[in-house]
Amino acid sequence: MKIGLKSISLPTACLICSETVAVFKEYNLKRHFQTKHANFGHNLSKQELQKKANDLTKRLKQQQNVFDKTSSLQRNATKASFILANKIAKQNKSFAEAEFIKDCMVDAVSVVCPEVKSKVEAISLSRRTIVRRIDAIAMNIHEQLLTASGRFQWFSIALDESTDIQDTAQLLIYIRGIDENFEITEELLSMESLKDTTTGKDLFNSVINSSIRSGLTLNKLASITTDGAPSLTGKHSGLVKLLNDKIKEDFPLHSVLSFHCIIHQESLCKSSLKLKHVIEPVVRAVNLIRSGGLKHRQFRSFLEDVEADFTDVLYYTNVRWLSIGKVLKRVWDLKAEILMFLKMRHLL
């Protein structure tokens, strides 16, 4: 009797009892059949045995397809969970919103296509799951960056140092590199937190530590771009000066170019323009509307009543200096509504 076992998928499975045989050898197969199914098929002809074997093979395949289908559903649900976690992270949304998104999806699917409701419910979007997914995505991106940086023929870095809302200095290090196939990679390399001072030496140490962790060597560094802060570009103790000194010490024939960030150059150009007579009246008008809670609510309600193109005006801040263009444009677009509102409230 040689039809008792068949290699449907690894490992080999018995068609009769669905048990598996670890080692695919004739002796093991024969021993399994003689031990557990010695009396199987004694009263059947050769054609009936073949038909029985085909039926058993079909049954086993159907059983395996059920497991494959379940495994495929789990993989798709996990993939969907990663996609949604990635979008939540990119949009800086609260991790808890993922559960609300899932509730909305389930309610919508139950109306549009109820047959796939169970598939949507299988997607895990709890807050802790989203945290794990985002951690896994971040780790994967970091590993991809490390792999890409190992192939860099040349690379350049851009630095920006600022202070967050907790008064902790943060140094952002961006990298752009090119490999031998002329493929360019641009990514945030690291964000270094500076708990104490932010001198050129502190920034220099942060850059060196980040380059060591990423496996980068300074002999492939082509240029450095900064915002022109003294701690970065100081002649005697700035980061650029200290970095150039180290490169000349380790690689005497290598030199690094230094650039001033073009966006900050635009900021300096803007500050040299005489726009005070334009900005101050606009800022006063915006502050007049938004400074009081009652006036602000009334203004938003007024814009809704007149069906304006926008629902509010924007604040201007010196830190986010690029916002001045958006503020001026928004006020210009709503100039008729703003004048009408101020006259109605006797504020003009």
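This is a friendly dialogue about how to read some features of a predicted model.

Visitor: What should I know before I start?

Guide: Residues are numbered from 1 along each chain as its sequence is written, and side-chain values use heavy atoms, with hydrogens and water left out. The model is predicted, so local features need pLDDT of at least 70 and side-chain atom pairs count only at pLDDT 80 or more, while totals for chains, interfaces and linings use all residues.

Visitor: How many helices and strands does the protein chain have?

Guide: Helices (H or I, at least four residues) and strands (E, at least two) are DSSP runs, numbered from the N terminus. Here the protein chain comes to 13 helices and 8 strands.

Visitor: What percentage of the residues of the protein chain count as buried?

Guide: A residue is buried under 20% relative accessible area, exposed over 50%, and partly exposed in between, using a 1.4 Å probe and protein chains only. Of the 348 residues in the protein chain, 32% are buried.

Visitor: And how do I read contacts along the chain?

Guide: Contact means heavy atoms within 4.5 Å. Taking contacts in the protein chain between residues at least 6 apart in sequence, 56% of them join residues at least 24 apart.

Visitor: Let us look at one residue. Is Thr129 buried or exposed?

Guide: Thr129 sits in helix H5, which covers residues 127–149. Thr129 counts as buried because its relative accessible area is 3%. Leaving aside residues up to four places away in sequence, Thr129 touches Ser81 and Ser124.

Visitor: Which side chain makes a polar contact with that of Thr129?

Guide: A polar contact is a pair of N or O atoms within 3.5 Å; within protein, one must be able to donate a hydrogen and the other to accept it, and residues adjacent in sequence count only if both atoms are side-chain atoms. The side chain of Thr129 is joined to that of Ser126 by such a contact, at 2.7 Å.

Visitor: Where is Ala148?

Guide: Ala148 is also in helix H5, and with a relative accessible area of 9% it is buried. Ala148 and Ile178 are 30 residues apart in sequence, with 8.9 Å between their C-alpha atoms.

Visitor: How many disulfides does the structure hold?

Guide: A disulfide is a covalent bond between the sulfur atoms of two cysteines. The test used here is a pair of cysteine sulfur atoms within 2.5 Å, and the structure holds 0 disulfides. As for individual cysteines, Cys104 is partly exposed at 36% relative accessibility, and Cys113 is partly exposed at 22%.

Visitor: How many cavities of 30 Å³ or more are there?

Guide: On a 1 Å grid over the protein atoms alone, a cavity is a set of points where a 1.4 Å probe fits but cannot get out, and lining residues have an atom within 4 Å of a point. Grid points are joined across faces, edges and corners, and a volume is the space filled by probe spheres set on the points. The count is 1 cavity of 30 Å³ or more, and the largest cavity has a volume of about 70 Å³.

Visitor: Which residues line the largest cavity?

Guide: Among them are Phe155, Ile157, Val207, Ser210 and Ser211. Strand S4 (152–163) and helix H6 (200–213) each supply at least two lining residues, and H6 gives the most, with 3.

Visitor: How many lining residues of the largest cavity are nonpolar, polar or charged?

Guide: Ala, Val, Leu, Ile, Met, Phe, Trp, Tyr, Cys and Pro count as nonpolar, Asp, Glu, Lys and Arg as charged, and the others, Gly among them, as polar. The lining has 9 nonpolar, 2 polar and no charged residues. One of the lining residues, Ser211, belongs to helix H6 and is buried at 9% relative accessible area. A polar atom of the Ser211 side chain lies 2.7 Å from the backbone oxygen of Ile208.

Visitor: Which loop holds Asn92?

Guide: Asn92 is in the loop between helix H2 (46–90) and helix H3 (97–112). Although Asn92 is not a glycine, its phi is positive, about 55°. Asn92 is exposed, because its relative accessible area is 71%.

Visitor: What about Phe182?

Guide: Phe182 lies in the loop between strand S5 (169–179) and strand S6 (184–194). Its phi is positive too, near 60°, and Phe182 counts as exposed at 68% relative accessibility.

How values were computed: 1 Å grid on protein atoms, 1.4 Å probe; cavity = no way out; pocket = protein on both sides within 12 Å on 5 of 7 lines; lining within 4 Å.
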